[in-house]
Amino acid sequence: MEVLGIDIGGSGIKGAIVNTKTGELVTERHRIPTPQPATPENVAATLKKLVNHFQWKGKAGSGFPTPLSHGKCQSGGNLHETWKGTQVDKLFHHTTGLDFTVINDADAAALAEMNFGAGKDKKGLVAVITIGTGIGSGLFFNGKLIPNTELGHVTYNNDAFEKYAADSIRKKEDLSYTKWGKRLHKYFKHVELILSPDLFIIGGGASKKLHKFKDQINIKTPIIPAENKNEAGIIGAAMAAAEGIK
Ligand code: BGC
C-alpha cells in the first residue's frame, strides 16, 4: 500500500510517499520549515502545502512530537503550548480532507526501525530511545508497539531527563562526548531499572554518534544504533496509517 508519510519536527515538516510493505520511499523527500510560532493553525496550513506538493488523495500518516493519546495532544511540549487538548488527527483531516492518522514521532520512528531496521525480528521487550532535540521512546513487546510511552520524561533533579541528556543539551552546554555519555549512562541505568528490557535501540540524531559515547554507558542491556536514520519517522508514520495504529 502507498501512503503519504509525514514527520513533524520542531524545525522541519518532511514527507514522502512510502511503500508500507517494503518500507521504501517511492518519491523524493519534501521538506518545509516548521512555521513559527508552530501553532495548530500554522502547522496545519503547512501540512496542506505538503499534501498539495504530492497532489495526494490517499491515506496519510503523521508523526507528532508531543505526548499523545488516541491522536489528542496532551501537552504542547517542544512545539507550542496551544496544541494541548487538540485532537490532532481531526484537525489535519479537516484541513487536508484526507484520511489522517497521527502518532507520536518516536513511536513512528521506532515502528520503522522494528520492521525494517535494527529491530527486525527482535523479540522480547525492546525500547527504542530517540535522542535529538528531546528524548522520545517507542516500546515493543514481541514486535508489537505499546504506544505513547514518554521515557524522556522520567525525572532527574525535578525536571524531565531530556532537559539534562538530550542531544540539544549537549550542543547548548558544549559538552564533550565523555561528559554527555556520563549523563546518558545515568539515564539508561535508570530506564533499565524501570523496564528490564532485552534491548535498547538508539534513534534520532544520536544514533550516528553512538560510537563516540557508548563506552560511558555501563549497563547489562545491549545498546545498538538505529539503521533507518532520517527517514524512519516518515516510514513509520505511513505504516501507522496503513495499519490503523493510533
Ligand atoms: C516529547 C515526545 C517526543 C520527543 C521527541 C519529547 O519532548 O515529549 O513526545 O517523542 O520529545 O521528539
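This is a predicted model: local features need pLDDT of at least 70, side-chain atom pairs count only at pLDDT 80 or more; totals for chains, interfaces and linings use all residues.
Q: Are Phe92 and Phe100 buried or exposed?
A: Phe92 is buried, its relative accessible area being 0%, and Phe100 also counts as buried, at 5% relative accessibility.

Q: Why is the pair of Phe188 and Phe200 edge-to-face?
A: Planes over 60 degrees apart count as edge-to-face, and because the planes of Phe188 and Phe200 stand at 75°, with the ring centres 5.0 Å apart, the pair is edge-to-face. This pair links distant parts of the chain, since Phe188 belongs to helix H6 (residues 177-195) and Phe200 to strand E14 (residues 199-203), twelve residues apart. Both Phe188 and Phe200 are buried, and they belong to one aromatic cluster together with Tyr156, Phe161, Tyr164 and Tyr187.

Q: How do helices H1 and H2 pack?
A: Two packed helices are described by the angle between their axes and the distance between the axes. Here helix H1 (residues 40-54) and helix H2 (residues 88-96) pack at an angle of about 50°, with their axes 9 Å apart, and H1 and H2 are therefore oblique to each other. The crossing of H1 and H2 is right-handed.

Q: Which residues of H1 and H2 meet?
A: On the H1 side the residues are Pro40, Val43, Ala44, Leu47, Lys48 and Val51, and these meet Leu91, Phe92, Thr95 and Thr96 of H2.

Terms used:
Residues are numbered from 1 along each chain as its sequence is written. Side-chain values use heavy atoms; hydrogens and water are left out. Buried means under 20% relative accessible area, exposed over 50%, partly exposed in between (1.4 Å probe, protein chains only). Rings of Phe, Tyr and Trp (its six-membered ring) pair if their centres lie within 6.5 Å; planes under 30 degrees apart count as stacked, over 60 as edge-to-face and the rest as tilted. Helices (H or I, at least four residues) and strands (E, at least two) are DSSP runs, numbered from the N terminus. Axes are lines fitted to C-alpha atoms, for helices over the stretch in contact, and angles run from 0 to 180 degrees between N-to-C directions. Angles under 35 degrees count as roughly parallel, over 145 as roughly antiparallel, 65 to 115 as roughly perpendicular and the rest as oblique. A crossing is left-handed if the near helix is turned anticlockwise from the far one by less than a right angle, and right-handed if clockwise. Contact means heavy atoms within 4.5 Å.
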